[in-house]
Amino acid sequence: MDENETVYAYADGPLGGMLLVGAPAARGGVVLRSLSLPGQKGAVEVAAGWTRDQGAFGGVVERLGAYFAGEPVRFDVPFAVAGTEFQRKVWAALEEIPYGTTVSYGEIGRAVGVAGAGVRAVGTAIGRNPLLVVRPCHRVIGADGSLRGYAAGPERKRSLLELEGALA
């Protein structure tokens, strides 16, 4: 595979057909760049010249299947480094949220050293997470317990949190 090549595949799940997009890894295999859900705000779309390879994302698809079967999966799969330094800090904080739990936007802000009005920037960074489900931005809720913001829609956020047993 050429290092500039983009590969993609689709994976079925209870939230609809997920689009996985990746690139060749330096040591072989593929690194995940994006996981999008149908109708997602800002979703990646397949472009001309991309190569469809249903086998390229075997580890991710396997973990997604286990996750949707109700297993507490940690998505420790190779993914591409993207985003600004601030976004990467926020996204790293998302990866630390345990399965079946929720945290507030303010808690993520404190984890990355932001408070007050800066929490809006945290919400913006979370909204630009290119790895839905894999990087669990659905576990971030409002301080009042409301299911605020999710690029794939609040009903999908609720479904994921219910699957994990995170909603009372």
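Two residues are in contact when heavy atoms of theirs lie within 4.5 Å, and with that in mind the whole chain can be looked at before any part of it is selected. Among contacts in the protein chain between residues at least 6 apart in sequence, 53% join residues at least 24 apart. Please keep in mind throughout the tour that this is a predicted model.

**The whole chain**

Show the protein chain as a cartoon, and five helices and six strands can be picked out, arranged along the sequence in the pattern β-β-β-β-α-α-β-α-α-β-α. Taken along the principal axes, the C-alpha atoms fill a box of roughly 45 × 35 × 25 Å. The radius of gyration is 16 Å, which agrees with the value near 15 Å that a compact globule of 168 residues would have. Switch to a surface next: the protein chain exposes about 8600 Å², and carbon and sulfur atoms supply 50% of that area, while buried residues make up 43% of the 168 residues.

**Helix 1 and its end**

Now select residues 58-68, which form helix 1, and show the side chains of Val60, Leu64, Ala66, Tyr67 and Phe68, the buried residues of this helix.

**Helix 2 against helix 4**

Two packed helices are described by the angle between their axes and the distance between the axes. Select helix 2 (residues 85-95) together with helix 4 (residues 119-127), whose axes come within 9 Å and cross at roughly 80 degrees. Angles of 65 to 115 degrees count as roughly perpendicular, and helix 2 and helix 4 are therefore roughly perpendicular to each other. To see the contact itself, show Phe86, Gln87, Val90, Trp91 and Leu94 on helix 2, and Ala121, Val122, Ala125 and Ile126 on helix 4. Coloured by type, the residues of this contact divide into eight nonpolar, one polar and no charged.

**A loop residue**

For the last stop, select Ala115, which is found in the loop between helix 3 (105-111) and helix 4. Is Ala115 buried or exposed? Its relative accessibility is 58%, so Ala115 counts as exposed. A distance drawn from the C-alpha of Ala115 to that of Asp144 spans 17 Å, and these two residues are 29 residues apart in sequence.

Methods: Residues numbered from 1 in each chain as written. Predicted model: local features only at pLDDT ≥ 70, side-chain atom pairs only at ≥ 80, totals over all residues. Heavy atoms only, no water. Axes fitted to C-alpha atoms, helices over the stretch in contact; angles between N-to-C directions. Helix = DSSP H or I, 4+ residues; strand = E, 2+ residues; numbered from the N terminus. Parallel < 35°, antiparallel > 145°, perpendicular 65-115°, else oblique. Nonpolar A, V, L, I, M, F, W, Y, C, P; charged D, E, K, R; others polar. Rg over C-alpha atoms; globule rule 2.2 N^0.38 Å. Buried < 20%, exposed > 50% of the residue type's maximum accessible area, 1.4 Å probe, protein only. Areas by Shrake-Rupley, 256 points an atom, 1.4 Å probe, with all protein chains shown as cover.
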